[in-house]
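Welcome! Have the sequence and the 3D view ready, and work through the exercises below one step at a time.

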Amino acid sequence: MNKNKEQLLNKRYKAEQRFRLYGLSAIFMALLFLTIFIFKIFSTGYSAFQKTWLIVPVTFDAELMMLDQNPSKEDLQDADYYDIALKSMADLDPNANEDQENELKRMVSYFFEKEIKNELLNDPNLIGKTKEVYLTASDDLDQVFKGNYPRDLPEDQRRVSDYQLKIFDQLVANGKVESKFNISFFTNADSREAELAGIASSFMGSIFSILVCLMIAFPVAVLAAIYLEEFAPKNRFTDFIEVNINNLAAVPSIVFGLLGLGVLLAIFHLPRSTPLVGGITLSLMTLPTIIIAARASLKAVPPSIREAALAMGASRMQTTMHHTVPLSMPGTLSGTIIGLAQALGETAPLILIGMVAFVNTIPGSPMDPAASLPVQIYIWAESAERGFVEKVSACIMVLLGFLIIMNLFAQIIRHKFEKKWS
Amino acid sequence: MNLILFTFIVLLGFTSYYFGRKKAYTIQSTKKRLTALPQFYGYYLAIWCAIPAFIIFSLWAIFEPTIVKLLILSDYSNQGYLDDELNLLYEKSKALSRGQFTGEITPFIEASAEKYLSLRSIAQSSKVVIVLSAIIASVAYAYKRISSNSRTREPVEKFLKAVLFTASLAAILTTVGIVFSLIFQTIDFFKVIPLFDFVFGTHWYPAKAFVRDSSEALDPTMYSDTFGAVPIFAGTFFIAFIAMCVAIPIGLMSGIYLAEYASTKVRQYAKPLIEILAGIPTVVYGFFAALTVGPFLKELGTSMGLEVSAESALAAGGVMGIMIIPFISSLSDDVITSVPQSLRDGSYAMGATKSETIKRVIFPAALPGIVGSILLGVSRAIGETMIVVMASGLAANLTLNPLESTSTITAQIVVILIGDQAFGDPKTQAAFALGMSLFLVTLCLNIVALRVVKKYREKYE
């Protein structure tokens, strides 16, 4: 009997330990996913911040450029750079036949003649001389240099030929290949060529959308929260508003995209693909988040504050505007920032209102067509070129960086400025 | 032009505030008792400046384009143009007047463009005159009222309250906007495709319904067996089911552990770390699923002799499950923590171990709240878009094999609406019909979930 009891007890203790282990492993799993996730993004993305350059001697032959003696600035602008660009690439291998010359040309980016042109525009004295110029390597060679390219594939399955690899290896051996910080990733707009594509246009698109979103959502949400928390009578209509807000907070984001498409574009004829429409759509999405946060922080202001103000003869409106609202601001602001961070990561509604179009200019106002960072991630992730994979990861890193900064900011506001009522 | 006028009106508002307050001080200096603080006199005047300006601006924005268009098109009214042609003519002359016109310029269009410009300038100048005179009149009226020292605080506060109330209508307006944008397209859709075919049809192939020439008559037989949404609905719930298979055990167990076992220190770090998972944008999850999880599962399957699609429902659903973990874990954590301590104490006093207490006492007590959190998670899984678009297939297969690819409501909406849309085309309308069903399903889930959670909260408060 006694032994039986002990066995039962042991069994129960074991069950207890097992249960505890399940809980611990669940947390461990969740954190493991997070770690794998972040590791994967960083390990594929960090290399995009480096860009590979080929150092190629270029002879600025006035004859080939169709320039006469003492050319003016305009002449330099209009000169023909294609031939010298082609020649300098072909000179990398003096024995190259015509096909191989073509392959040599494709070792650098599509805009290599522009890079040579800029070199000369910077220093017009170069005419007739030879200088080693940094040319952007093609995205495939860029990947080869970073070690991301499967070189051992059979030749017909990869875009880099054996011949290109041979020349490239020679260049590497001679120290004519260099890797430098990839400034153009931050300053260029999107491009079809992976080596030239940058995030500037989508970054500005995101900034404009978020600003529009903030300018609409913040005032409306704060005013609505003040009304609902401080003035609204308790009746059916107020309940209806509340149900609406709670539901909107859980409506799938793509439905807001349909709203933007069906109302903003189809009825109000706002310009398609612009951060203006994107921002308005996002603001409708962020509205409930901010209202809920603002109400919570209004509710957290103790009634004694209101009572004191009312006792001093302030009207309800004065009490609210002079005391309750300022005291609730830290909570409201941090809720707003968190709502904006959500809006910043939103993709689906922006795709529906057309912010997914290919934009190779940097937008200067919310009325210009643009993409946004998450949409840029989507666009690049859908393209087949290998060079875009690391760009996607790098873009994700930038986006996550912003989200982290925004969330930290929200935390700081909450901890620094929020009054603790005891 | 509008901007200058707007700035001018804002300046006028500030000036009237200043004069209103000044008037209050003068009244005060005559030893009369003020009815409110001096700034209310200012606000009062400023509001009387803003209201007419706002009303006239909105009226103009609504009616000016229509009236100008009517006036211009009246020139062509008896020449037998079709409505579409008239619209085109109007757009052309508008473009020409802005200097953005590239096509062939006919004298007709040129004349219209000139007329357009002159009408616009008349409209602009009359707007300026009307706005300014209205402001002057209303401010003068308000000033007179101030001078007679009548009440100012009450009207100002009433106005503010009205503004607050209007803002709170935004939520209702948004809901109305959603329903409005969905319902008309959906009704048009069901005029062509019978509701029965949509709900019970098993073949979804919207690409078949190519963009139609608008002059052609609708031919319903062309679309039969094209818009059967069963595979889409099935795929949606299937992927959501896979996601919940990942999210419920992990989310629930971590919620329980955090609430009952974890020390304050572990809780302090683990909870925000898990919540990071909820803050990661879904497009990032989509990329992760498509680039890492999909190929990984495919390789794993191949090594075990299984045929796995690179865009399997398993990859999309699994990653979606990871995304939902924090929703379930934090909500169930909250729910469990709010179970009264007395229930625990009672159970311990009877000699139950901690896990027995959790399983037999706390879990049943917290069940409504936990069910609510799971329902919210399901609603999120059904509405999730980017993961499915990027990691699952876009062809709608009716399958229950998690290793094959399926498609969902959200993914189909994106596929149909990406790029240019032609309103009035059954394919575009199909996307709105799908959106409508998505909205209704998630709405029901949300209402039920919120009600369950609310009821549960009331029980222990």
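**Exercise 1.** Which helices do the buried residues of α1(A) pack against?

*Solution.* A few ground rules come before the steps. This is a predicted model, in which local features need pLDDT of at least 70 and side-chain atom pairs count only at pLDDT 80 or more, while totals for chains, interfaces and linings use all residues. Residues are numbered from 1 along each chain as its sequence is written, and chains are lettered from A and ligands numbered from 1 in the order in which they are written.

Step 1: find the helix. Helices here are DSSP runs of H or I with at least four residues, strands are runs of E with at least two, and both are numbered from the N terminus. Helix α1 of chain A covers residues 2–45 and reaches 64 Å from its first C-alpha to its last, close to the expected 64 Å. The expected span is 1.5 Å times one less than the number of residues.

Step 2: pick out its buried residues, among them F19(A), A26(A), I27(A) and F33(A). Buried means 20 or more other C-beta atoms within 10 Å of the residue's own, exposed means 12 or fewer, and partly exposed is in between, with C-beta atoms placed from the backbone.

Step 3: read off the partners. In chain A there is α17 (387–417), and in chain B there are α9 (230–261), α10 (264–279), α12 (313–337) and α14 (354–383).

**Exercise 2.** Describe the sheet of chain A with the order β2-β1-β3.

*Solution.* Step 1: this is an open sheet of three strands with antiparallel pairing. Strands pair if DSSP finds at least two bridges between them.

Step 2: the edges are β2 (130–136) and β3 (177–181) of chain A, each pairing on one side only.

Step 3: look at one pair. Strand β1 (residues 50–59) of chain A meets β2(A) over seven bridges, and T59(A) stands opposite T130(A).

**Exercise 3.** How is chain A divided into domains?

*Solution.* Step 1: domain 1 spans 47–181 and domain 2 spans 200–417; such bounds come from an automatic or database domain assignment.

Step 2: the C-alpha centres of these two domains of chain A lie 46 Å apart.

Step 3: eight residues of domain 1 of chain A are in contact with seven of domain 2 of chain A, where contact means C-beta atoms, placed from the backbone, within 7 Å.

Step 4: turn to chain B, where the assignment gives domain 1 (2–150) and domain 2 (230–460). Their C-alpha centres lie 51 Å apart.

Definitions and conventions:
Two residues are in contact if their C-beta atoms, placed from the backbone, lie within 7 Å.
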